[in-house]
Amino acid sequence: MIDADGTVPYPSLTSSFHHEVELVVALGAGGRDVAPADALSLVWGYGVGVDLTRRDLQDEAKKLSRPWDWAKGFDASAPCTPIHPVSEVGHPESGEIWLRVNGELKQRGDLKDLIWSVPEVISAISAAVGLAPGDLIYSGTPAGVGPMQPGDVVSGGVAGVAEFTFTVGSADRPPA
């Protein structure tokens with residue numbers, strides 16, 4: 001995870017770099033097979049993140065029935081705001097979630113309209129893998145995912161949680 005401010009580098013191996021704004025859930029406790037009714041007891045706090053995707057690599061992987069690892073896993077692929085504790089922001093169930101590119105609204109929705117609620121997401125994940133304190137869960141995105149180019153200014157947020165602004169860096173690879 002990197003901070004969702006400053007410059008986020010444009011990744012290598014792609015010419016189709018896309019954004020997906022999401023509420024980020026930070027766990028303070030872990031568990032397995034957590035019931036939805038108990039899921040919020042694991043949450044320490046919330047932030048706002050951008051799930052970044054090398055869409056051309058994802059499309060190729062889909063076509064070939066292969067995993068999407070290279071599309072989703074790369075340096076700086078999950079910028080996130082600071083996490084705010086539940087004691088400050090509560091457990092947001094509704095509220096605007098949005099993303100703009102160069103000031104143009106690209107994604108806008110309400111948390112209450114996401115397909116799965118935060119407790120349902122936590123429960124589903126905990127059925128597949130053990131959850132641990134410090135885990136971050138990107139919880140879903142509204143319609144409107146789309147491309148970004150070097151130099152674009154990307155901003156967004158979730159009402160009552162956090163806002164962010166970053167610039168997409170050049171496509172040049174930084175030194176190792």
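Here is a short briefing on the core, the strands, the aromatic rings and a pocket.

Keep in mind that this is a predicted model. The largest nonpolar core holds 36 residues, and the structure has 3 aromatic pairs.

**The nonpolar core**

- In soluble globular proteins, nonpolar side chains tend to be buried together.
- Within the largest nonpolar core, the residues that touch the most other members are Val 25, Leu 27, Tyr 46, Ile 122, Val 154, Phe 164 and Phe 166.
- Several elements give two or more residues to this core, including helix H5 (118-128) and the strands S4 (21-27), S5 (43-50) and S9 (96-101).
- Strands S13 (153-158) and S14 (162-168) also give two or more residues to the core.

- S4 pairs with S5 in the antiparallel sense, over 7 bridges.
- Along this pairing, Val 25 stands opposite Tyr 46 of S5, and both of these residues are among the core members with the most contacts to other members.
- S4 also pairs with strand S11 (residues 136-138), again antiparallel, over 3 bridges.
- Leu 136 in S11 is the bridge partner of Ala 26.

**A glycine in S5**

- Gly 47 has its place in strand S5.
- Is Gly 47 buried or exposed? Its relative accessibility is 0%, so Gly 47 counts as buried.
- Gly 47 and Cys 80 are 33 residues apart in sequence, while their C-alpha atoms are 6.7 Å apart in space.

**A three-stranded sheet**

- Strands of a sheet pair through backbone hydrogen bonds, either parallel or antiparallel.
- An open sheet of 3 strands runs in the order S6-S3-S12, with antiparallel pairing.
- Strand S6 (53-54) and strand S12 (146-148) each have a single partner strand, so they stand at the edges and one side of each is left without a neighbour in the sheet.
- Strand S3 (residues 17-19) pairs with S12 over 3 bridges, and His 18 has Pro 147 in S12 as its bridge partner.

**Aromatic rings**

- A pair of aromatic rings is described by the distance of the centres and the angle of the planes.
- The structure holds 3 such pairs.
- For Tyr 10 and Phe 17, the ring centres are 5.0 Å apart and the planes stand at 65°, so this pair is edge-to-face.
- Tyr 10 is buried at a relative accessible area of 6%, and Phe 17 is buried at 0%.
- The rings of Phe 164 and Phe 166 are stacked, because their planes are at 15° and their centres are 5.8 Å apart.
- Phe 164 and Phe 166 are both buried.
- Ring pairs also link Tyr 10, Phe 17 and Phe 74 into a cluster.

**The second largest pocket**

- How much space lies in the second largest pocket? It contains about 190 Å³.
- This pocket is lined by 14 residues, and Pro 92, Glu 93, Ser 117, Val 118 and Pro 119 are the closest to its centre.
- By class, the lining of this pocket has 9 nonpolar, 3 polar and 2 charged residues.

Definitions and conventions:
Residues are numbered from 1 along each chain as its sequence is written. This is a predicted model: local features need pLDDT of at least 70, side-chain atom pairs count only at pLDDT 80 or more; totals for chains, interfaces and linings use all residues. Side-chain values use heavy atoms; hydrogens and water are left out. A nonpolar core is a set of buried Ala, Val, Leu, Ile, Met, Phe, Trp, Tyr and Cys residues joined through side-chain atoms within 4.5 Å. Buried means under 20% relative accessible area, exposed over 50%, partly exposed in between (1.4 Å probe, protein chains only). Helices (H or I, at least four residues) and strands (E, at least two) are DSSP runs, numbered from the N terminus. Rings of Phe, Tyr and Trp (its six-membered ring) pair if their centres lie within 6.5 Å; planes under 30 degrees apart count as stacked, over 60 as edge-to-face and the rest as tilted. On a 1 Å grid over the protein atoms alone, a cavity is a set of points where a 1.4 Å probe fits but cannot get out, and a pocket is an open set with protein on both sides within 12 Å along at least five of seven lines; lining residues have an atom within 4 Å of a point. Grid points are joined across faces, edges and corners, and a volume is the space filled by probe spheres set on the points. Ala, Val, Leu, Ile, Met, Phe, Trp, Tyr, Cys and Pro count as nonpolar, Asp, Glu, Lys and Arg as charged, and the others, Gly among them, as polar. Two strands pair if DSSP finds at least two bridges between them.
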